[in-house]
Amino acid sequence: MTVQAAVFVGYFLVVFGIGWYSLRATRDETDYWIAGGQLGWFTGGATMAATHTSAGTFIGTIGVMYTAGWSFGWVLLSIPLAYWFMVAVLAPRFTRQQELTIPAFMETRYYGKGIRGLSATIILIATVVYIQAQIVAAGLIANTVFGIPTDYGMIAFTVILLVYTVVGGMVAVVYTDAFQLIVMGLGAVFAVPLVLRQVDGVGGLMELVQSAHPLVFTWETMPASLLLTMGLSFFLGGVATPEKLIRLYAMRDMKTIRRGVLFAIVMILGINLLVFVIALSAIVLFPALSTGDLAMPMVASAVLPATLGAIMLAAITAAMMSTVDSLLIVAGSALSVDLDQNLWHTDASPEHRMRMNRIGILAVGTIPLLLILAGVGEGELVQFIVLLFTALMAAAFVLPVVGGVLWARATQEGAAAAMVGGVSATFLWEVLGSPQVEPVLAGFLASAALFVGVSLLTPPPPPEALAPYFDAQEHAAPTSPEPS
Amino acid sequence: MTMPGFTFWGLFLVCGLIVAAYLAWMWAVEKGEGE
């Protein structure tokens, strides 16, 4: 057995072991969807950081930095600021009432099953596209590194992922995420000194990069408008994408959330900065790659010694798996809990519900794979798919979620208009708008205008919808009878 | 320090400052809750 194969077999055995343990630890739906809501700061923070760190980091970010230079690195700063905002402003009210899914929150706050169905549908469609991007990246790596045909790589990746996620739900996801974060951290920490040795340290790296790509440390490789709107996209996506919000319900209390998010911020910044250094090195070591997305797999297979290269590749796989497993939970719960059990099988028994939950995850994992194998959505730069997903989620959910717990006057109609308008504007901009500006700006502005405008034009929400999130005196004024 | 060096290390520095500021905020919030 080669060293690479041994590392991967060992890695997958640990992941399956955790999946098996999680099956036994999962007693009911609360365990299956939010890990019982009792996570501590380490597991809670680790799963947040691991979910955040995806193929977008190890393949996409490096890809963009390889082609566009260091200025892209500054976009990173929007991420800790987003998490901070989430903990300081959103979480204290958002977590007053625990739900199993984000669409369930929408039903409670916006008093209607229809808006829950709408949220679930948006999540389902956007997530399937995102999962596709990650599966494509997995196939690319399997092909570059092991010479396995891309299709087989994608199938193997999806099957492994589905086994432990279907079996163990959120408990499996959380503990495999913690393990995968450790693999990612180790991969990045060990790789950087070895890569730097190839280019004579940081000083040597800077000189070599400058001579290979003179614009790399300037602001000329990417328009400022694009950088700023990308930053906005990551910020808004960090604040209110469902796979992050759901982790607020999974952690024990606010003190745990504050500490968990600090841990997540430190890990995300650390891993990203190390990855940035590897990206710069790739410019020097492999100046003529056909796509920037290949930079990291090339470093892992051609620069690092066999064992370390295998750990690095396991780290990339870990990054993808830990993100896709979380997305499977979000999309699977949208399909089975928020659509099927909420709208159609409302009186299903607990056993039937658990069975449907597992089928839901199986479906949302299989559909993206089948779509790619049928030739839909292949060949896009991973980072840009990640950005489009983030933009869609930001346009659909930031205002209804953040505005919903901060502004008592926000109504069901305002939230629905914000979601539909935000998603439509994001798509329209993606197709027709200037490529110098990320579609998130159009989506967010449309969403904000509709959220506020339509809310003010429609009757105030009933007191029972506000009670879980606002103190009585806060919503007394907006819900008092209007003089008419 | 050269411009590339400034840009390169600047990003590390700002990240460190954000973490320090978060820690200070967390400490202040927990101190407030304890009182």
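Trainee: Where in chain A does pLDDT stay under 50?

Mentor: In this predicted model, pLDDT (the predictor's confidence in each residue, from 0 to 100) stays under 50 over residues 479-484 of chain A, and for that stretch the model has 3 contacts beyond four places in sequence, two residues being in contact if their C-beta atoms, placed from the backbone, lie within 7 Å. Residues are numbered from 1 along each chain as its sequence is written, with chains lettered from A and ligands numbered from 1 in the order in which they are written. Local features need pLDDT of at least 70 and side-chain atom pairs count only at pLDDT 80 or more, whereas totals for chains, interfaces and linings use all residues.

Trainee: And what does chain A average?

Mentor: Chain A averages a pLDDT of 86, and 96% of the residues score at least 70.

Trainee: Switching to packing, at what angle do helix 1 and helix 14 of chain A pack?

Mentor: Helix 1 (residues 3-25) and helix 14 (residues 306-344) of chain A pack at about 40°, with their axes 8 Å apart; helices (H or I, at least four residues) and strands (E, at least two) are DSSP runs, numbered from the N terminus, while axes are lines fitted to C-alpha atoms, for helices over the stretch in contact, and angles run from 0 to 180 degrees between N-to-C directions.

Trainee: How about helix 8 and helix 15 of chain A, what angle there?

Mentor: Helix 8 (residues 150-198) and helix 15 (residues 350-373) of chain A pack at about 170°, with their axes 10 Å apart, and these two helices are therefore roughly antiparallel to each other (under 35 degrees counts as roughly parallel, over 145 as roughly antiparallel, 65 to 115 as roughly perpendicular and the rest as oblique).

Trainee: Which residues of helix 8 of chain A meet helix 15 of chain A?

Mentor: Among them are A:Asp151, A:Met154 and A:Leu161, and the residues they meet in helix 15 of chain A include A:Arg358, A:Gly365 and A:Leu373.

Trainee: Now chain B, how many helices and strands?

Mentor: Chain B has 1 helix and 0 strands, and buried residues (20 or more other C-beta atoms within 10 Å of their own, against 12 or fewer for exposed and in between for partly exposed, with C-beta atoms placed from the backbone) make up 11% of its 35 residues.

Trainee: How many residues does the contact take from each chain?

Mentor: The contact takes 16 residues from chain A and 16 residues from chain B, and helix 12 of chain A gives the most to the side of chain A that touches chain B, with 7 residues.
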